[in-house]
Amino acid sequence: MSLTDWTGAAVEPPAGDGPPSPDEWHPVEVPGRPERFADADAVAYRTEFADPREGDERATLELRGLFAHARIWLNGELLGEHDAYFVPARYELDPQADNVLVVECRSPETFGGVYATDRVPDERAVPGIWWAADLETHPETFIDALTLTPRRTDDGAVIDAELEVEAGESLSDRISLSVRPQGFRGGGVMERARIEADAGERVSVTKTLELRDPAYWWPAGHGPQHRYAVRARLGDSEAVVKTGLSEIRRADEGDGLLVNGQRVRARGFSLLPTGDPTWDVERAANANANFVRASGHVPPAEFYETAAEAGLLVWQDLPISGGDEYDADRATELVGTLSSSVERHPCVAAFGVRSDPTNHLAGVGPSRFARYKVRWRAWRAGYDAAADRELAEAFPDDAVVFPVSGAPGIDPDATHVYPGWDFGEASDTEWVLDKYDCGGAVGAFGAGSLTAADGHDAAGFDADAHDAYVSVGDDEDDVEASQAYQTRVLKHVTETLRRRGTGVLAADALRDADAGAGMGVLSADGSEKSGYEAMAASLEPVQVVLDGYPSAGGTRALTVLNDTPESVSGTVSWTAGDETGETDVEVEAYGREPAGDLTVPDDAEAVETSFGRADGAVRNIYRL
């Protein structure tokens, strides 16, 4: 059952081991992030509950999303401490008839990731119990945890299963294990694992489950999203966990990723901690993304389940942002915790260690000397990434890892480039990519926009950068102009990256973190900006794009992009005002093929391209 009747209070952490005792408790919603505590460094939460057990049953408490450093007391006794919000805090209880549970949560001193920056509003980083607070009852002997590690082998694939069993009585038994395909026809597995335990003992049981003729998980557009459910049963207790099989590597020469040996160009969005992360995954998929980056934070398990179901690859960052120093031992421990918490999810494609250790290109603006300033600042920039690269070695040997992602000039492993926002114009994209050889993986790019005329103070929004490029006043027409500018920048940079064959790209970002403005193509409440539909067109796996955002009187070259594993052929058509044209084109798998030029008439209000095939057509619209 969920524990939902809570009170809370901002507190000063007590010096001893006893629970905090504030003068006044206030009703709060748990799980959640009570806004009244947005400025607090530490918050205590309190609830009361009756003993839920019947007969010989046992009880466990599970708290998920404990942000960030937590201590938990039951009836005044310290149950334990917890400091990784993305893994559950789980305790077996011996409750009394009536019980008082107190949980103290403190803001992190390090490893706060994006929550420790101004990219998210304070109310998103409230110390608290964010995801779940559950009290469970179990038989006297029960399976307390089931951990899965899928891996390919020379003969196919196996799933290594590890079980934690609480033995309320002496045991000499067998655990039944089964593997069943989910939503597709395939071979299953039935196995048994021997267990011996004394009464009151907690024991671990491991079993390797071999899959004959295994079915693999693929990203959207490259194959089906096959997954398996592993079920373990011991007496009246059972546990069910889903997993999938995939092998993901970095392709040579910046060509993207290799998924099960197949080349994949990853294209999509970075995600900030906004609302329901599963909803964000679905909206990214609807915009033709096959890839999302969890930027500077770790989402709940449901996020990865939804991404796997939707066929989206995931770049998962460590919660490290900016230039903060960190303890190497604690960071290494965090790597192990994060890796093991997501290893069963077939969609996890890459990890990031540190993001944006410097901001040396911010604020250059649209000056005619922008390129000179970029070169000067990049030349002067310095960052010692030795600790980050050493920490990257702590990830599993086969993991794709970007130790440092940031602006050109610090030798990043994945580049963040913001032409048309931090510096220069969107048309400087080709120049900066050539100058700094950063086309292999681009982890962030884009521009922000308003959703309200008075939204300049929104968290995560650089109002100075915005106003340097967009002339706005205080009415809704200015909001429209703001979003139109964001759309032009995003389309220009996205399509330039794709034309050049950039293997990994993530637009910053899918959704605003705060009301009023942000870097997203969706507002904080989820409503669409004009950039959402435009990006959906730019991210189509097969699309006709221009070599830059068009303008009246200008001439643009057309290119057909094909990011699928099969060749395509069809008719390229375009319309600009009263002018039209078409040509037949065939494009090899992962290829790019020129499709002529067009000149935009002075009176044109939009340019539209399309690629027609026997199974339908895709369109791309550039509004002038």
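**Ground rules.** I call a residue buried under 20% relative accessible area, exposed over 50%, and partly exposed in between (1.4 Å probe, protein chains only). This is a predicted model, so I note that local features need pLDDT of at least 70 and side-chain atom pairs count only at pLDDT 80 or more, while totals for chains, interfaces and linings use all residues. Residues are numbered from 1 along each chain as its sequence is written, and side-chain values use heavy atoms, with hydrogens and water left out.

**Entry 1: salt bridges.** I counted a salt bridge wherever a side-chain nitrogen of Lys or Arg is within 4 Å of a carboxyl oxygen of Asp or Glu. My search of the whole structure gave 42 of them.

I started with Asp83, whose side chain meets that of Arg330 at 3.3 Å, N to O. Asp83 sits in the loop between β6 (77–82) and β7 (89–93) and Arg330 in helix α3 (residues 328–342), so this pair ties together parts that are 247 residues apart in sequence. For these labels, helices (H or I, at least four residues) and strands (E, at least two) are DSSP runs, numbered from the N terminus. Are the two partners buried or exposed? Asp83 is partly exposed at 36% relative accessibility, whereas Arg330 is buried at 17%.

Next I looked at Glu48 and Arg46, which form a salt bridge at 3.0 Å, N to O. Glu48 is exposed, with a relative accessible area of 53%, and Arg46 is partly exposed at 26%. I also noted the salt bridge of Glu196 with Arg194, at 3.2 Å, N to O. Here Glu196 is partly exposed at 48%, and Arg194 is partly exposed at 42%.

Then I followed a network of salt bridges, whose members include Arg58, Arg90, Glu136, Asp144 and Arg202.

**Entry 2: nonpolar cores.** A nonpolar core here is a set of buried Ala, Val, Leu, Ile, Met, Phe, Trp, Tyr and Cys residues joined through side-chain atoms within 4.5 Å. Which residues have the most contacts inside the largest one? They are Phe86, Phe269, Leu313, Leu318 and Phe445, in a core of 105 residues. Helix α8 (residues 476–499) gives the most to this core, with six residues. I found a second, separate core of 32 residues, with Ala167, Ile175, Ala193 and Val203 among them.

I also checked helix α6 (residues 429–436), where Thr429, Trp431, Val432 and Leu433 are buried. Just after α6, Asp437 takes a positive phi of about 50°.

**Entry 3: surface patches.** I built patches from residues with over 30% relative accessible area and no salt bridge, joining like charges within 9 Å and nonpolar side chains (Val, Leu, Ile, Met, Phe, Trp, Tyr) within 5 Å. Areas come from the Shrake-Rupley method with a 1.4 Å probe, and for residues only the protein chains shown count as cover.

Phe369, Tyr372, Trp376 and Trp379 make a nonpolar patch of about 540 Å². Phe369 lies in the loop between β23 (348–355) and α4 (370–380) and is partly exposed at 44%.

For charges, Lys and Arg count as positive and Asp and Glu as negative, with His and the chain ends not counted. I placed each charge at NZ of Lys, CZ of Arg, CG of Asp or CD of Glu. Asp578, Glu579, Asp602, Asp603 and Glu605 form a negative patch. Asp603 is in the loop between β34 (592–599) and β35 (606–613), and its relative accessible area of 57% makes it exposed.

I then turned to Gly577, in the loop between β32 (568–576) and β33 (579–587). Gly577 is partly exposed at 35%. How far apart are Gly577 and Asp603 in sequence and in space? They are 26 residues apart in sequence and 6.7 Å apart in space, C-alpha to C-alpha.

Entry 4: Most residues other than glycine have a negative phi, and most peptide bonds are trans. I therefore listed the exceptions below.

- A cis peptide bond joins Val30 and Pro31, with omega about 0°; Pro31 is in the loop between β2 (26–28) and β3 (42–50).
- Asp508 and Ala509 are also joined by a cis peptide bond, with omega about 10°; Ala509 lies in the loop between β28 (504–507) and β29 (517–518).
- Asn288 has a positive phi of about 70° although it is not a glycine; Asn288 is in the loop between α1 (277–286) and β21 (291–294).
- Asp356 has a positive phi near 50°; Asp356 lies in the loop between β23 and α4 and is partly exposed at 36%.
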